[in-house]
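This report covers the pockets, nonpolar cores and chain interface of a predicted model. The sequence and structure come first.

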Protein chains: 2
Amino acid sequence: MKARVLVSLKSTVLDPQGQTVRAALNGLGYSTIRDVRQGKVFEVEYDHEADLEAIARDVLTNPVIEDYRIEYLPA
Amino acid sequence: MKARVLVSLKSTVLDPQGQTVRAALNGLGYSTIRDVRQGKVFEVEYDHEADLEAIARDVLTNPVIEDYRIEYLPA
């Protein structure tokens, strides 16, 4: 089975990496880009049961500055 | 409008970062995790038209080793 865990900075946390990408895109002429935030995605393949909620919360995410979202993918 | 661009290593390219995460999870007792691949996600906010296809292809992705997927999000 497959799922993906999206980890992104909380909206209250500055994202200099995303801002740099936005500035670069604007500089390249893509002037309609208003905001970019960069995060991580973990594509996980697992056998039957796996406690992805615990994994995402305890291992993949730094809860002080990051949020996560789990999306289960069709097999 | 919002969209996200998921950038991940091509399946033929080794992903040592993902393998390290998998090994760590297995070591922590999450033994049903078979594979992890790590990628990047760009959450993009844009006004009306933006050529996200060109942006993803030419700027956000290294086409030699990476694939991308664009997902348009409801507003």
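## Second largest pocket

Lining the second largest pocket are 15 residues, with S8(A), R37(A), K2(B), E43(B) and E45(B) nearest its centre. A pocket is an open set of points on a 1 Å grid over the protein atoms alone, where a 1.4 Å probe fits, with protein on both sides within 12 Å along at least five of seven lines; lining residues have an atom within 4 Å of a point. Two or more lining residues come from each of β1, β2 and β3 (66–73) of chain A and β1 and β2 of chain B; helices (H or I, at least four residues) and strands (E, at least two) are DSSP runs numbered from the N terminus.

The volume is about 280 Å³, taken as the space filled by probe spheres set on the points, which are joined across faces, edges and corners. The lining comprises four nonpolar, two polar and nine charged residues, where Ala, Val, Leu, Ile, Met, Phe, Trp, Tyr, Cys and Pro count as nonpolar, Asp, Glu, Lys and Arg as charged, and the others, Gly among them, as polar.

## Largest pocket

The largest pocket has a volume of about 400 Å³ and is lined by 18 residues. Nearest its centre lie K2(A), E43(A), S8(B), R37(B) and R69(B). Its lining holds six nonpolar, three polar and nine charged residues.

## Nonpolar cores

A nonpolar core is a set of buried Ala, Val, Leu, Ile, Met, Phe, Trp, Tyr and Cys residues joined through side-chain atoms within 4.5 Å; buried means under 20% relative accessible area (1.4 Å probe, protein chains only). The largest has 18 residues, and I33(A), F42(B) and L52(B) have the most contacts inside it. Its largest share, five residues, comes from α2(B).

Beyond neighbours within four places in sequence, F42(B) is in contact (heavy atoms within 4.5 Å) with residues including V21(A), V36(A), V7(B) and L60(B). A second, separate core of 16 residues includes F42(A), Y46(A), I70(A) and L25(B).

## Chain interface

The contact takes 36 residues from chain A and 36 from chain B. Together the chains bury about 3,000 Å², 55% of it on carbon and sulfur atoms; buried area is the accessible area (1.4 Å probe) that two parts lose on being put together, summed over both. T32(A), R34(A) and E45(A) supply 19% of the area chain A buries against chain B, more than any other three residues.

## Conventions

Residues are numbered from 1 along each chain as its sequence is written, and chains are lettered from A in the order in which they are written. Local features need pLDDT of at least 70, side-chain atom pairs count only at pLDDT 80 or more, and totals for chains, interfaces and linings use all residues, while side-chain values use heavy atoms, leaving out hydrogens and water.

Conventions. Buried means under 20% relative accessible area, exposed over 50%, partly exposed in between (1.4 Å probe, protein chains only).
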